[in-house]
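Hi there,

Here is the structure I promised to pass on. Please have a look at it first, and then read my notes below.

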Amino acid sequence: MTDLALDKPVPPNAAGPNRTAPTARRGMVRPSPTALGVGLLLAVAFGLLPLVGSEYLFDAILTPFLALALAGLGLNILTGYAGQVSLGSAAFMAVGAYAAFNLSLRLPELPFVVDILLAGLVAAAVGLVFGLPSLRLRGFYLAVSTLAAQFFVQWVFNKVGWFSNNSPSGIVTVPPLSVAGLALDGSVGRYLFGLSVVSVVTLVVWRLVDSPTGRALAALRDHETAARVIGLPVLRLKLLAFAVSSFIIGVAGVLWAFAYLRTVEPAGFNLDRSFQILFIVIIGGLASLRGAFLGAALIVVFPLALARLGETLLGGLFDSGVLEMSQRIVLGLLIIAFLIAEPAGLSALLDRLWHRIAGRLTALCSRLCPRSGSNRSV
Amino acid sequence: MTATPSEAPHLQPSATQPQAAPSALAVDGLSLSFGGVTALNGVSFTVAVGEIRAVIGPNGAGKSSLLNAVSGLYRPDSGRVWLGGHSFAAVPTDRLAALGVSRTFQNLALFKGLSVLDNVAAGLTHRLRAGVLAQVIGLPTARRERADAYDRAEALLAFLHLEDARDRPVGTLPYGVQKRVELARALVARPRLLLLDEPMAGMTLTEKQELTGCIRVARDDLGATIVLIEHDIGVVMGLSDRIAVLDYGRLIGDGTPEAIRNNQAVIDAYLGVAHDLEAGEGI
């Protein structure tokens, strides 16, 4: 009785509870293709990329990707798993970023890892407060009430100089990143730091969504009345979802400020950012861990790719104004196309693609070596 | 008519003296109205421990309102509900599972995104003692609890012949199978009182017969007292020990299937067509 459901060989990026992935709950533990894929991905991300990547790759693509993916992961717990809509994600990022800044400024003796945890807890506390309306409100009404978080938090950081150490411009520069005496203020260092944080948090989130509590969150999302009738603590679960989600989004805010921008300003956490995170979750796939990463990759890479493409095709005509405009238009079209073609997001798209490739491979394999292929069913 | 006379209830003799037996559920003068519409009007009846109690009545008679009031989804205007020795003006839905009450819904109320097994296991989640952290870390107690819950869920899947659907997302299954999944979720916690709101609606004859057997086993072997709303009179007559008949929110008949069959008020209100036919044949 050592191998229980929690030990399923499904890695963090494997499907959430609403997929059919778990086939063998107990019995032989065989690394699934997804486990191998995640292992390979981590090996490349930790081992290979730091050796071969350029500064541009880390500073402009990978680090912001990691921060946004983490924010997407956080929002996915709330929206994808627990079914509570939120338009205030950027506010919780801001809370995390400002909390970490003030902690490192005012309590410099604390190690930075502790700063991060405390910043996450502060964001969780704020998230809990703004999650209280969810006990009475649902759907659009809840979404509107989370907008209050967005505007209120941004207003507070603009208004109260203490938070930005009375900086006249409102923009503060964060101290260089260093963990346990190890300076991580180079491009690669900040990237590796972000990658480590994201890996750890993703592991924890995977454990959470795979636990009975994670299933209970999904139950709450799918049928709140039935969840109440079978004795699930609906109010506690909602607040838990808000707290955990805000914690993670707060940590994402710390990454955004300390690993990516190295500055903090309220305007960086405006409503646009909240929508960006929501788009990441929707495009990537609701209730899918992998979805947050896919969505963030698209959101980060897409504008850069479009800029390159425009430059190549149109040359001087494609100035920054045109670029910004075309980004908005194309991204908007993309979201609409996605919602129509694949409401379950990139994650589901990838699943389908994978199944097709796997099917082809199996067919090919059974043709090449009929004996080993024939008794294998897909 | 689908059920056969051979499906006569086992416990009919004991059910004839409900007053003597302790009641699993009693409603006393329950009234409920929505705006000007009266859904329940002073309804009182008892359900004895171990009995299969049917509630019948024409559409809009207040049957589902009754179950919703008993499970706390509606708050009655007046009257009380007795559940397991406690008396409530409004039943606390959150405590329902702890009181040993579970129910199914007229329209399916499943967790569509979860697998069949997860849906059924969710019926036991309220019993888990391990906290979120223990679950995330995977402490031995949390893992044992969870394994135990899933073992029970699997046993119930076997009981209701749902093993083949085990890992399918429940939203992709046919209606009749989803109905059974919901019954499994309600049964997995071994409820003392099971409220079934039209469990056989939309089922084929074979499925109905199968489910009738399952309901009997739930009572006989799992020890659940059962309150059943059902439209199929054949099933009701064959399965239930006693029947309560509602019409326009009022209780117009209460007794054994035999008594209900011969109750003039019931015949007039509910089996009116049959009555006319019988009268026609008699002439």
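A salt bridge here is a side-chain nitrogen of Lys or Arg within 4 Å of a carboxyl oxygen of Asp or Glu. Over all chains, the structure holds 23 salt bridges. In one of them, the side chains of A:R290 and A:D351 meet at 3.1 Å, N to O. This pair links distant parts of the chain, 61 residues apart: A:R290 is in helix α11 (residues 289-314) of chain A and A:D351 in helix α13 of chain A. Helices are DSSP runs (H or I, at least four residues), numbered from the N terminus.

Before going further, please note that this is a predicted model: local features need pLDDT of at least 70, side-chain atom pairs count only at pLDDT 80 or more, and totals for chains, interfaces and linings use all residues. Residues are numbered from 1 along each chain as its sequence is written, chains are lettered from A and ligands numbered from 1 in the order in which they are written, and side-chain values use heavy atoms, with hydrogens and water left out.

Now to the interface. The contact (heavy atoms within 4.5 Å) takes 35 residues from chain A and 39 residues from chain B. Between these chains there are 2 salt bridges. B:D94 and A:R228 meet in a salt bridge through their side chains (3.7 Å, N to O). On the side of chain A that touches chain B, α6 (187-210), α7 (212-222) and α8 (224-229) of chain A each supply at least two residues. The largest share of that side, 8 residues, comes from α7(A).

Helix α13 of chain A spans residues 345-368 and also contains A:L361.

Best wishes
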